[in-house]
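Keep the coordinates open as you read.

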Amino acid sequence: MLDRLTENLLKRAFDPLVRTGQLEVIAPSGKALMFGDGGQPQARIRFTDKRAVFALLRDPDLNFGEMFMQQRLLVEQGTVYDVLELVLRGAKHVPVSATVQMLDAWRMKLRPLLQNNLRNKSRANVAHHYDLDDRLYQLFLDSERQYSCAYFEQGDEDLETAQLAKKRHIAAKLLVEPGQRVLDIGCGWGGLSRYLAEVAGAGHVTGVTLSTEQLAGAQQRASTSPCKDQLEYRLQDYRDIKRETHGPFDRIVSVGMFEHVGTQFHDAFFKQCHELLSDDGVMLLHFIGNSDVPDFNNPWIERYIFPGGHIPSMSEFTPAIERSGLVICDIEVLRLHYAQTLRLWRERFMARRAEAATLYDERFCRMWEFYLSMSETAFRYQDIAIFQVQLARRQEAVPLTRNYIAEREATLKHRESAWRPSSPMMDTASKNEAISA
C-alpha cells in the first residue's frame, strides 16, 4: 500500500515537469517510472528509501540537494546536471503544491533575519565560503582566479579568454584614466584590480575584502606586479571605508559582492558609494540579479554555500540607488554568460574531482557538484542573470552614447598584446616549499 502511494506521488510530481528528454525514476520498491518523450538528455535516479521521497516532495528546494549529498537520491545514468535540467527547464510553468507555497511564504518572511548582514555576520558568511582551502579554487578557476561571471564575446571562448574579456569590458565602462584612484569593493584575489593598474593605467587601486584567504592571495600576487606600489589590499568592510582617510575615489568597481549585502543594507551600500565617489566619478556594479519578482534565497544555497546571500530583483535595488543620490547611467543584462561560465567551472571541477576529495571528502564533492550544476540550471531556466549597473554622481560623467565602450575595449585589447600578468599565485604547498628553500 505504501509502495503504491510512494509511486503515485512520484508520478504526480515528475510527470508535469519532464515533458522532453527522458528521466527514469527508480522508486524505493524497485519499480521503474519513466517520464518524458524519450529524447535528450536522459538520466536515471534511484531513491534508496521512502522517507527520501517524502522529504523531496515536501521541500524540493532544500531536500533535492540534501538527498543527493546523503546518497539517498542516486544518479545512476547521466549526471546530476542532466537531472536538474530535465526537471527545471519546464518547472516555471508548473504550479507548486500547497505545502511548497506555504514554505515559500514562510521563507519570504524569514528574509530580514537571514539577511541581517551586520559586520560580524558578514565576516562569518564570507569565511564560510571564501576561506576554504585555497587549492580548491585552483582546481576550476582561471589562472587569475576570477570567481565571477565571464564575458563571452563570441560564445565559444575558453575560460581564460572570456575572463580576460570580462575585465576588459568592465574597465571600458569604468572609463579609467591614467593616474586615477580606484576602489574595488569585494576584490577577491585581486585579478581585476591588477588589470586596472597594469593595463587600464589606474594610478592607485585599493581592494577591500572580508576573506583572509583572498587577501593573502591578492597581496602575494601584487608583490610580483610591475605596479605593486599602486596596489593596496585591506581586510575591511565596505561600511568602514572613510572618505577623509581613504578617498575620494575617481572610480569604484564591485564585482560579485553586492549579492552578499542583503536588502536591508542596500541603502547603506549605495549611500556609502555616493560618499566615497568623487564629483565626476563613475562606478560599475556587477552582480547576480533576479529578472523576475523579488524572491527568497534558495534554502539549500543558504544553508550550504552562501549564508546571508540574496539575488535582488531590479525593483529591490533601484529605489536604494535613487535615494542615495547616485544616477543610473547604464544597465546591461548579461543573459546566459554565467550559465556558460558555470558549465566550464563544472567541467573543470569534475575533471579534477579526485583532487578535491583529497582536500575534503566525497560528501563535499557531491555538494560542490550539486552547487555548480544547480547554479548553471538557474541561469539557464530560472530568470537569473548578471546585471551590470553603471552609476555616477553627475550625468555628464559618462558619454552620451555607448560607442565609447567598444572603442575603449579595442584600446585595452591592444595594450594586452604587450602585457604579461604578474606571476601566478602559489598554492599553500608551493608557498611552504618556497619558505623552506
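In which hand, left or right, does helix 8 pass helix 9? The crossing is right-handed. Bear in mind that this is a predicted model.

Start with the geometry of that pair. Two packed helices are described by the angle between their axes and the distance between the axes. Helix 8 covers residues 159-174, and helix 9 covers residues 191-198. Their axes cross at roughly 60° and come within 10 Å. Helix 8 is therefore oblique to helix 9. On the helix 8 side, the contact is made by Leu-164, Lys-167, Arg-168, Ile-170, Ala-171 and Leu-174. Helix 9 supplies Gly-191, Leu-192, Tyr-195 and Leu-196. By class, this contact has seven nonpolar, one polar and two charged residues.

Helix 12 (residues 266-276) packs with helix 14 (residues 314-324). The angle is about 40°, and the axes are 8 Å apart. That makes helix 12 oblique to helix 14. This crossing is right-handed. The class count here is four nonpolar, three polar and four charged residues.

Step back to the whole chain. It holds 19 helices and eleven strands. The radius of gyration is 23 Å, close to the 22 Å that the globule rule gives for 437 residues, so the chain is as compact as a globular protein of that length. Along its principal axes, the C-alpha trace spans about 75 × 55 × 40 Å.

Next, the sheets. Strands of a sheet pair through backbone hydrogen bonds, either parallel or antiparallel. Strand 3 and strand 4 pair in the antiparallel sense over four bridges. Phe-47 stands opposite Leu-73 in strand 4.

The other open sheet has seven strands, in the order 7-6-5-8-9-11-10. Its pairing is mixed. Strand 7 (231-235) and strand 10 (327-334) are at the edges with a single partner strand each, so one side of each is left without a neighbour in the sheet. Neighbouring strands are turned by 15° against each other on average, direction ignored. Strand 5 (residues 181-185) and strand 8 (residues 249-255) run parallel, joined by three bridges. Val-182 stands opposite Arg-251 in strand 8. Helix 10 (residues 212-222) packs on this sheet, touching strand 6 (204-209) and strand 7. Its direction makes about 165° with that of strand 7.

Finish with the backbone. Most residues other than glycine have a negative phi, and most peptide bonds are trans. The peptide bond from Gln-40 to Pro-41 is cis, with omega near -5°. Pro-41 lies in the loop between strand 2 (32-36) and strand 3 (42-47). Gln-71 has a positive phi, near 60°. Gln-71 sits in the loop between helix 3 (60-69) and strand 4 (73-77).

Notes. Residues are numbered from 1 along each chain as its sequence is written. This is a predicted model: local features need pLDDT of at least 70, side-chain atom pairs count only at pLDDT 80 or more; totals for chains, interfaces and linings use all residues. Side-chain values use heavy atoms; hydrogens and water are left out. Axes are lines fitted to C-alpha atoms, for helices over the stretch in contact, and angles run from 0 to 180 degrees between N-to-C directions. Helices (H or I, at least four residues) and strands (E, at least two) are DSSP runs, numbered from the N terminus. Angles under 35 degrees count as roughly parallel, over 145 as roughly antiparallel, 65 to 115 as roughly perpendicular and the rest as oblique. A crossing is left-handed if the near helix is turned anticlockwise from the far one by less than a right angle, and right-handed if clockwise. Ala, Val, Leu, Ile, Met, Phe, Trp, Tyr, Cys and Pro count as nonpolar, Asp, Glu, Lys and Arg as charged, and the others, Gly among them, as polar. Two strands pair if DSSP finds at least two bridges between them. Contact means heavy atoms within 4.5 Å. The radius of gyration is taken over C-alpha atoms; the globule rule is 2.2 Å times the number of residues to the power 0.38.
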